[in-house]
Amino acid sequence: MREIEQRGLYYEEFEPETRYLHRPGRTVTEADNVLFTTLTMNTQALHLDAAWSARQPFGERLVNSMFTLATIVGASVAQLTQGTIVANLGFSEVSFPHPLHHGDTLYSETVVIGKRLSASRPGQGIVTLEHTGRNQDGVVVATATRQVMVWCRDAVPTGSVAGDDPEALDPGAGEPDGML
């Protein structure tokens with residue numbers, strides 16, 4: 001029986017100017033917002049205090065922007081970096097041009113904007129990703145540029161999440177459609 005383990009992409013599989021649509025979307029609830037905000041010790045009234053927020057420009061509590069950022073990046077993991085990432089290197093150009101509200105559905109997409117082999121770490125490459133989050137109406141609520149270090153196909157360590165032998169896990173892995 002053929003077995004395929006879901007994984008992210010190896011360095012060689014990332015193609016600049018390719019857009020990945022991460023589905024399903026995530027409908028954000030009041031509970032999500034309150035739990036995330038309190039777990040992260042963020043006491044901002046804009047996320048927790050309905051009476052205070054009602055008197056502010058948006059007239060209601062807003063979803064914590066760090067939840068929004070974490071969700072758009074998290075939605076990309078299964079499709080792009082699951083088991084193939086070495087390290088998250090950093091974020092730049094993070095913006096939140098429109099608020100996310102309780103009950104909104106967040107849809108994520110990622111565009112590969114560049115890649116290069118690591119000069120100091122053979123068998124690894126650096127990929128630059130541009131993540132975008134949109135609400136159910138297509139309005140952009142968050143963007144972020146992120147750099148990740150990923151494994152090259154032939155350098156994956158034995159016993160890694162991506163498998164001992166990438167070809168054995170998915171004989172079509174070298175093809176663009178070889179991933180789940």
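**Figure 1. Arg7, Glu13 and Arg153 are joined in a network of salt bridges.** A salt bridge is a side-chain nitrogen of Lys or Arg within 4 Å of a carboxyl oxygen of Asp or Glu. The model is predicted: local features need pLDDT of at least 70, side-chain atom pairs count only at pLDDT 80 or more, and totals for chains, interfaces and linings use all residues. Residues are numbered from 1 along each chain as its sequence is written, and side-chain values use heavy atoms, with hydrogens and water left out. Between Glu13 and Arg7 the closest N and O atoms are 2.9 Å apart. Glu13 is buried, its relative accessible area being 14%, and Arg7 is likewise buried at 6% (buried, under 20% relative accessible area; exposed, over 50%; partly exposed, in between; 1.4 Å probe, protein chains only). By the stated rule, the count comes to 6 salt bridges.

**Figure 2. A salt bridge connects Glu30 with Arg61 (2.8 Å, N to O).** The pair links distant parts of the chain, with Glu30 in helix α1 and Arg61 in the loop between α3 (50–54) and α4, 31 residues apart. Helices (H or I, at least four residues) and strands (E, at least two) are DSSP runs, numbered from the N terminus. Glu30 counts as partly exposed at 41% relative accessibility, whereas Arg61 counts as buried at 15%.

**Figure 3. Helix α1 (residues 30–39) has Asp32, Asn33 and Thr37 buried.** Seen down the axis of α1, the buried residues fall within an arc of 115°, so they line one face of the helix; the arc is that of the directions from the helix axis to the C-beta atoms. Ala31 and Leu39 are exposed on the other side of α1. The cover over the buried residues of α1 includes β1 (19–27), α2 (45–48) and α4 (65–74). Met41, which follows α1, has a positive phi near 60°.

**Figure 4. In α4, the buried residues include Phe67, Leu69 and Ile72.** At the start of α4, a side-chain oxygen of Asn64 reaches to within 2.8 Å of the backbone nitrogen of Met66. Met66 also belongs, with Phe91, Val94 and Phe96, to a nonpolar surface patch of about 330 Å². Such a patch is made of residues with over 30% relative accessible area and no salt bridge, nonpolar side chains (Val, Leu, Ile, Met, Phe, Trp, Tyr) being joined within 5 Å and like charges within 9 Å. Val94 lies in strand β2 (residues 85–95) and is partly exposed, with a relative accessible area of 37%.

**Figure 5. Arg134 and Glu109 form a salt bridge (3.2 Å, N to O).** Here too the pair links distant parts of the chain: Arg134 is in strand β4 (residues 124–134) and Glu109 in strand β3, 25 residues apart. Arg134 counts as partly exposed at 27% relative accessibility, while Glu109 is buried at 8%. Thr105 is placed in strand β3 (residues 105–117) and is in contact (heavy atoms within 4.5 Å) with residues including Gly25, Arg134 and Gln136.

**Figure 6. Val148 in strand β5 (residues 140–151) is buried, with 0% relative accessibility.** Gly125 is 23 residues from Val148 in sequence, and the C-alpha atoms of the two are 8.2 Å apart in space. Not counting residues up to four places away in sequence, Val148 touches residues that include Ile85, Leu89, Gly125 and Val127.

Conventions. Areas by Shrake-Rupley, 256 points an atom, 1.4 Å probe, with all protein chains shown as cover. Polar contact = N/O pair within 3.5 Å; in protein donor to acceptor, adjacent residues only side chain to side chain.
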